[in-house]
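Me: Hi! I'd like to get to know this protein model with you. Can we go through it step by step?

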Amino acid sequence: MTRPDQAQPPARSLNSVVIIVDDDAGIRASLDSLFRSVGLETRLFASPAELLGGVLPDGPGCIVLDVRLPGVSGLDLQSQLVRQGISHPIIFMTGHGDIPMSVRAMKAGAVDFLAKPFRDQDMLDAVTAALERDAQHRTEAATRDDIRAQYETLTAREREVMGHVTAGLMNKQVAALIGLSEITVKIHRGNVMRKMGVRSFADLVRKAEALGVSQTRRTTDQT
């Protein structure tokens, strides 16, 4: 790593953890010092086996990963992490990178691919992007969980009505489709709005889209 300029800390550092995987002890120590100097916590691993056998932080963070490691390569480790549902953004480091390797890494979801030696600021910029991506992913996941929890409070009939009205059907069309009176559909629709915590129909449509529940076919669910 080179230090021509004073490294600037990433914007999102509070409670974030950078996981460093490199078989070079000197690189691990240097990165550990760099990240800790800007307020980031670190976890250090010398091999993929150590990482997979350890306990990963459950909070926000990212992985800084050497692409060439003993045993399992960094790219293969990336695939293993994806299969295990570990979604931490990854920044690859390499002293022998090539275009096909970097393309494969980026297609698999890597945030950046840095060639050694790299500037401290380039690494911190990459970590910043990774932490921002992870924070956005976690926020979106939490929002989806909240919407799903609201949806689970609906009765089967309310879910059916929600699916039809958010697909663009009018109350009278929904009533004819599922065999209810229009006033009953209006009552169900009002219950849906209240339970889903929305004040406008547009907000209900957005939540339905997030859930993927809009539909226009007849269902057999009953209250």
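Predicted model: local features only at pLDDT ≥ 70, side-chain atom pairs only at ≥ 80, totals over all residues.

Me: What pattern does the protein chain follow, read along the sequence?
Reply: The pattern is β-α-β-α-β-α-β-α-β-α-α-α-α-α. In total there are nine helices and five strands. Helices (H or I, at least four residues) and strands (E, at least two) are DSSP runs, numbered from the N terminus.

Me: What is the mean pLDDT of the protein chain?
Reply: The mean is 86, and 87% of the residues reach 70 or more. pLDDT is the predictor's confidence in each residue, from 0 to 100.

Me: And where is confidence lowest and highest?
Reply: It is lowest in helix α4 (residues 99-107), with a mean of 72, and highest in helix α8 (residues 182-195), at 97. Over residues 217-223 the pLDDT is below 50.

Me: New topic: what order do the strands of the sheet have?
Reply: The five strands form an open sheet in the order β2-β1-β3-β4-β5, with parallel pairing. Two strands pair if DSSP finds at least two bridges between them. At the edges are β2 (41-45) and β5 (112-115), each pairing on one side only.

Me: How many bridges join β3 and β4?
Reply: Strand β3 (residues 61-66) and strand β4 (residues 90-94) pair over four bridges. I63 stands opposite I90 in β4.

Me: Which strands does α5 lie across?
Reply: α5 lies across β1, β3, β4 and β5, and runs at about 135 degrees to β3. Angles run from 0 to 180 degrees between N-to-C directions, and axes are lines fitted to C-alpha atoms, for helices over the stretch in contact.

Me: How do α5 and α9 pack?
Reply: Helix α5 (residues 120-152) and helix α9 (residues 201-211) pack at about 100 degrees, with their axes 10 Å apart. They are therefore roughly perpendicular to each other (angles under 35 degrees count as roughly parallel, over 145 as roughly antiparallel, 65 to 115 as roughly perpendicular and the rest as oblique).

Me: Which residues meet there?
Reply: I147, R148, Q150 and Y151 in α5 meet K207, A210 and L211 in α9. Contact means heavy atoms within 4.5 Å.

Note on methods: Residues numbered from 1 in each chain as written. Heavy atoms only, no water.
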